[in-house]
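Visitor: Could you walk me through this structure, one question at a time?
Guide: Gladly, let's look at it together.

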Amino acid sequence: MHTHARSQALFAAAKTRMPGGVSSPVRAFKAVGGSPVFVTRGAGAWIEDVDGNRYVDYVLSYGPLLVGHAHEEVVAAVQDAAAKGTSFGACNEYESALVDKVRTVMPRIDRLRLVNSGTEAVMSALRLARAFTGRDKIIKCAGNYHGHADCLLVQAGSGVATLGLPNSPGVPNSTVKDTLVVPFNDLSAVETVLYQYAGQIAAMIVEPVAGNMGVIPPVNGYLEGLRRVTKEHDVLLIFDEVMTGFRVHPGGAQSLFGVTPDLTTLGKVIGGGLPIGAYGGRADIMSWVAPEGPVYQAGTLSGNPVAVRAGLATLDLGLNKDMWAGTASQTALLMEELASIATRWSVPMQVNGLGTMFSCFFTDAAVTDWTTASTSDTDLFAKIFNAMLKFGVHLAPSQYEAWFMSTAHDAAAVTHTLHAFDKALKEAVG
Ligand SMILES: *Cc1c(COP(=O)(O)O)cnc(C)c1O
């Protein structure tokens, strides 16, 4: 068995109709070779492709599916919502319920605005930060990804890195001239920039645990240091928790590390697999958002009941303390076992992770930033990726993406994965 004939035919056809045959570039198999699989269905930890192959899935739609594919309670919530009308362009009671749910686990968020994607959340938070401070410049970290808004498409991690685009054509220099890039995990680089551009910087935006150059936790004191130095310079600190929210801790990185940003951006898990995003934070800043304040930001489908209820159901299930802790310990176990298999095959590998997300880098160097992340042997990754696919494990087709776990990744799924990894390493280096 294990043919990809139907997927290949569908991809060949898609390429004649859609740029690169995909709706988002990370899905093409450019970095690993071969042809992407077309998925027909998912259930729990597993997905099935159009050729009938089954895989344990670590993509989980790039993070949102904290409770796995097609969880019956999420499906029921979506069905019930859809049957009553998908969108009204009017208020519904579930919006505040979702905001309340987020605020229970991230209590430092005073006000939250719902939008339709992580990109939109970040774009809006930056507009707000610039308006509130009356300044234009922003600081970002090399290898951090914050969506594809023009001003942030500089040294932007996985998608961009995988395709080898340092930047994108179509992004005017005038748009990125106010974007200052520093290395991740380097506090003194931030301080230097804060002094050099004193009085001109609106905000620093950061993935508090980097997830888009592979997973890289902050070094000791980094986030606390960012909080201190940005405050000293009256610069807003924005945590982009679109990925880390509910994955590194039930209350995100801000709860795990006890560091309070001025603004937070969210997405992925809060929509449970439907399109959503959100930005929020200090009441005095959020009061600048229209209609309360002058900063315009709107959305036809924002807060629609289908996405909101999918998110609510996902958070209700996934943030249950025992469920979440169980998934995190399953993740820790998997990381440990993967590392010992790599040792057995003498493959240099660093496993970085936190909570329910992790990455394997094929390098001797400890991975703490973009420079060290890019020492990973991406040719070896490509071989392992393809072998894993053959042995029934679906990873993201890039070295620089995270592996995500769900509450549905049980012992059977983990055991299947470990067998596959052993066979994959045998094939790659044995
Ligand atoms: C995925 C991601 C985004 C973009 O979210 P979209 O919903 O894809 O627009 C922004 N920031 C981070 C940290 C992300 O991981």
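Guide: A term to begin with: a residue is called buried when its relative accessible area is under 20%, and exposed when that area is over 50%. Please keep in mind that this is a predicted model.

Visitor: Is asparagine 212 buried or exposed?
Guide: Asparagine 212 sits in the loop between strand 7 (201-206) and helix 8 (222-232). The cut-off for a buried residue is under 20% relative accessible area. Asparagine 212 has a relative accessible area of 6%, so this residue is buried.

Visitor: Which side chain does the side chain of asparagine 212 join in a polar contact of 3.0 Å?
Guide: Asn212 and Glu207 are both among the residues around the ligand. The polar contact of 3.0 Å links the side chain of asparagine 212 to that of glutamate 207.

Visitor: Which residue has a polar side-chain atom 2.6 Å from an oxygen atom of the ligand?
Guide: The residues around the ligand include Gly118, Thr119 and Tyr145. With glycine 118, a backbone N or O atom lies 2.8 Å from a ligand oxygen, and with tyrosine 145, a polar backbone atom is 3.4 Å from a ligand nitrogen. The polar side-chain atom at 2.6 Å from a ligand oxygen belongs to threonine 119.

Visitor: How much of the ligand's area does the protein bury?
Guide: The shell around the ligand is made up of three nonpolar, six polar and three charged residues. Taken alone, the ligand exposes 380 Å², and the share of this that the protein buries is 83%.

Visitor: Is valine 259 buried or exposed?
Guide: Valine 259 belongs to the loop between helix 9 (252-257) and strand 9 (263-267). Leaving out residues up to four places away in sequence, valine 259 touches Leu223, Glu224, Arg227, Phe239 and Gln254. Its relative accessibility is 5%, so valine 259 counts as buried.

Terms used
Residues numbered from 1 in each chain as written. Predicted model: local features only at pLDDT ≥ 70, side-chain atom pairs only at ≥ 80, totals over all residues. Heavy atoms only, no water. Near = heavy atom within 4 Å. Polar contact = N/O pair within 3.5 Å; in protein donor to acceptor, adjacent residues only side chain to side chain. Areas by Shrake-Rupley, 256 points an atom, 1.4 Å probe, with all protein chains shown as cover. Nonpolar A, V, L, I, M, F, W, Y, C, P; charged D, E, K, R; others polar. Helix = DSSP H or I, 4+ residues; strand = E, 2+ residues; numbered from the N terminus. Buried < 20%, exposed > 50% of the residue type's maximum accessible area, 1.4 Å probe, protein only. Contact = heavy atoms within 4.5 Å.
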